[in-house]
Amino acid sequence: MKKILLIIAVIIIANSCIKETPEIYGYYTITNQYENEIELKLFNNGIYSDSLNIATDENIEYTFYDKAGIPQPPPFIADSLLVIFNDSVSVMHYRNEEQLVERSLLLDESWTELNVNEYEYRFDYVFSEDDYLEAVEILLGN
Amino acid sequence: MSIVFFFGCQKDQSGISHDISNTEIGFEKLTIQSEGLIVLGKKLDNPYSVANMQQAYNNLLQDSTLTQSLNIRTTHLYIRYLPKTNDEEELLLSDSTLELFDYPLDYEISSGGTFFQDPQIAIGNVTWQYCVVENGYQFLPIQYEVLSNLFIPEYLEGEINEDDINYLVDEALTITNNNDIDTTNIKNTKGKWSKWSPSGYINCYDDIVATTTDDGMTPVVGAKVRARRWFIIKTDYTNSNGYFETGQFRRAVNYSIKWETSKYDIRNSVSIQAYFNGPKQREPWDLDISSGKSLRYATIHRAAYRYHFQNINGLKRPNVWRRLKINYIDDTGTGVNWGNNWQIFVPGSPVWPNIKIWGKKNNGDYKPTNDIYSTTIHEIGHSSHIELMNGGLIQFSQVSKQIYESWAEAIEWFITKIAYNDLGYSDYDDPDHYLHGDHKQWWTSLDSHDYTPIFIDLVDSYNQSIEKGELPTNRCPDGGAFDGSNCYIGSPPDGENAFIYADNFYHTPVECCNCPQQGTYFDGANCFKMDIPDNSIGFIWNNSWYLYPAGDTDYPYDRIYGYTMNNVEQILKHVYGLSSLRSKLKSNKPNGMTDKHIDVYLNYYFNL
């Protein structure tokens, strides 16, 4: 009798156990392959919120994890972003307004997404010489 | 199979240890290890045994030291129980007169630690439970042994004067080689031990607190601290400052924390009771728990204590019939809830946990403490939900995963936020400041459809579709002109009133029956302006018709507000899936909410 009850209990437990889904991990990397330092100034609702500096060939990494999933990039809160190349040339990136640049850091489609495995995702955004030249063009009004 | 899963796959990693103090006891230095197995030293000759007390008394009689004659007899019993089933353990734990120890009280503790298991008892079974009871105690129907008959003069203060108690205990300690080394500096002018109260502060590290303080320490509230001198045990629970103060002693005491309350206990990966064994000393004990498993036990305790005993803004307590057993696993993973109360259906079942919490990320690093905290709240939230469904796993098992996981996510967000707000972090988990977090305002249809922000969105006032998303170029696809905030549809003729009826825009007719504006018509009572589209919510402002603007359709369109977690918990008892949720929300709308608000929000989930 005891054995039967134990088997019933195991079945009940096996069917009712709430096993949480494994966490999904997201790794977000912003890399600077431009030949000088880049500074990113973040704004939200028109208010300056943070500043990030990335030296040449360096990167900034963010990691998020959650059972439900991970946010789409970018990995910070901002609706506009000022990118300053070498403390001299700057250009705005936007989330919702009309873009001047081809690859706004604030839009998820500008990031390269790599599905490492079922539970890990990698998102990369690389600043290159082309981004600097694009900023110069915009500055000159071309 | 389940048994294999429970016990066969878990490997305890007790390698992390650190010195917490170098405590002086007389002239001896003792290093206390804070992690791992409690290691016993040699068995001590028991000064409180009736035989040794009688010998001590005889010695003092020869010296004529005592002021009165004493009746040395059995006043207490040193015993141990061996509960073999969950029922037996519950019965033992429910006896609040017993102060139970997993380890024997008449051994040296050569190394402190966080757990003890008698090597003769198989892992997974409850180890011997040691305690002291009064002579004449009625034993519980559990296997037990009487280890020693005791005479404890400290408990006979009305019968024996204090000086005689001191002389007798001193002599008993001396003849059993247990007297502490020269202690003249702490004896009073008569050469006797003065009374003192063990006390101290228990704090632990927290990653959020560390963002604003040097050491990151926060008080551990409600921790059960025990001060023990042989068979005399006095306890206290830490207050809101982490402070405790037990009853008085005269000599040094062994300090320890037992991670348990009347509602839950915290165990290691193989379900052995978790402790923090502190030093033996005759001075206050201030402890900062900064790392290792003990930090995770302390964090789980903080969360469980919050849910059971502290402010949770009107949510119900878990109210699980049996003490929740929460196991901490020092490895990579999240959490599991095995349900409540099922043990009562299986008389003789072994001691299995209700909840398991894992402490490490996939790279092997420890998760931040606020994550351990919120995961604990999440899992206890499931237990509370099961209890809400009449405590029955069968009724609960009919609830969709989307509902019970989303509810646990909401509980996790709500209570963890209260806790950190109470610590002074008013913007903790604020979606305006933190992209990722328990607030789930980053969640989109690409993420798990089980762990959603449904219940959070009923309570918060944040529309992630607008605030987080990438907004469409056309903000008014269902009509109207975007005025920078909303979609302006129009205004009625001067002197008439705009209103909404049956989800249509109307205005009162001019005079008897005139509807002069193009596109409006008289329907027999009022002027019909337009049917509000299914995916839009209309409203009247300043006597004009408006629609809320479109947002990013990847995110839920959250114009719902005004529900409270308490309201929602009350209707949750009748919610099994999205349809029953919709029905219950509509019949319990707060002011300002309409069926349309609920439909527009929930349609997103129906269409996933």
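Reply: Start with chain A. From the N terminus on, its elements run α-β-β-β-β-β-β-β-β-β-α. That is two helices and nine strands. Helices (H or I, at least four residues) and strands (E, at least two) are DSSP runs, numbered from the N terminus.

This is a predicted model, in which local features need pLDDT of at least 70 and side-chain atom pairs count only at pLDDT 80 or more, while totals for chains, interfaces and linings use all residues. Residues are numbered from 1 along each chain as its sequence is written, and chains are lettered from A and ligands numbered from 1 in the order in which they are written.

Of the 142 residues of chain A, 30% count as buried. A buried residue has 20 or more other C-beta atoms within 10 Å of its own; an exposed one has 12 or fewer, a partly exposed one falls in between, and C-beta atoms are placed from the backbone. Contacts in chain A with a separation of 6 or more come to 61% from residues 24 or more positions apart. Two residues are in contact if their C-beta atoms, placed from the backbone, lie within 7 Å.

Now chain B. Its 608 residues include 43% that count as buried. The chain holds 13 helices and 27 strands. Take its contacts between residues at least 6 apart in sequence: 71% of these join residues at least 24 apart. The domain assignment (automatic or from a database) gives domain 1 as 16-186 and domain 2 as 467-606. The centres of these two domains of chain B, taken over C-alpha atoms, lie 72 Å apart.

The close look falls on two sheets of chain B. One is an open sheet of four strands, ordered E22-E23-E25-E24, with antiparallel pairing. Strand E22 (498-501) and strand E24 (521-522) stand at its edges with a single partner strand each, so one side of each has no neighbour in the sheet. Strands pair if DSSP finds at least two bridges between them. Strand E23 (residues 504-507) and strand E25 (residues 527-531) run antiparallel and are joined by four bridges. There, B:Phe505 has B:Met530 of E25(B) as its bridge partner.

B:Ile500 sits in strand E22 of chain B. It is partly exposed, with 17 other C-beta atoms within 10 Å. Beyond its neighbours within four places in sequence, B:Ile500 is in contact with B:Phe505, B:Gly538 and B:Ile540. B:Phe528 is 28 residues from B:Ile500 in sequence and 9.7 Å from it in space, C-alpha to C-alpha.

The other open sheet of chain B also has four strands, in the order E20-E21-E27-E26, paired antiparallel. Its edges are strand E20 (481-482) and strand E26 (538-541); each has a single partner strand, so one side of each is left without a neighbour in the sheet. E26(B) pairs with strand E27 (residues 544-547) over four bridges, in the antiparallel sense. B:Phe539 bridges to B:Tyr546 in E27(B).

Finish with helix H13 (residues 595-606) of chain B. Its twelve residues reach 15 Å from first C-alpha to last, close to the 16 Å expected at 1.5 Å a residue; the expected span is 1.5 Å times one less than the number of residues. Its buried residues are B:His597, B:Ile598, B:Val600, B:Tyr601 and B:Tyr604. They cover an arc of only 170° around the axis, so they lie on the same side of H13(B). That arc is of the directions from the helix axis to the C-beta atoms. An α-helix has 3.6 residues a turn, so residues three or four places apart point the same way. What covers the buried residues of H13(B) includes helix H9 (454-459) and helix H12 (578-586) of chain B.
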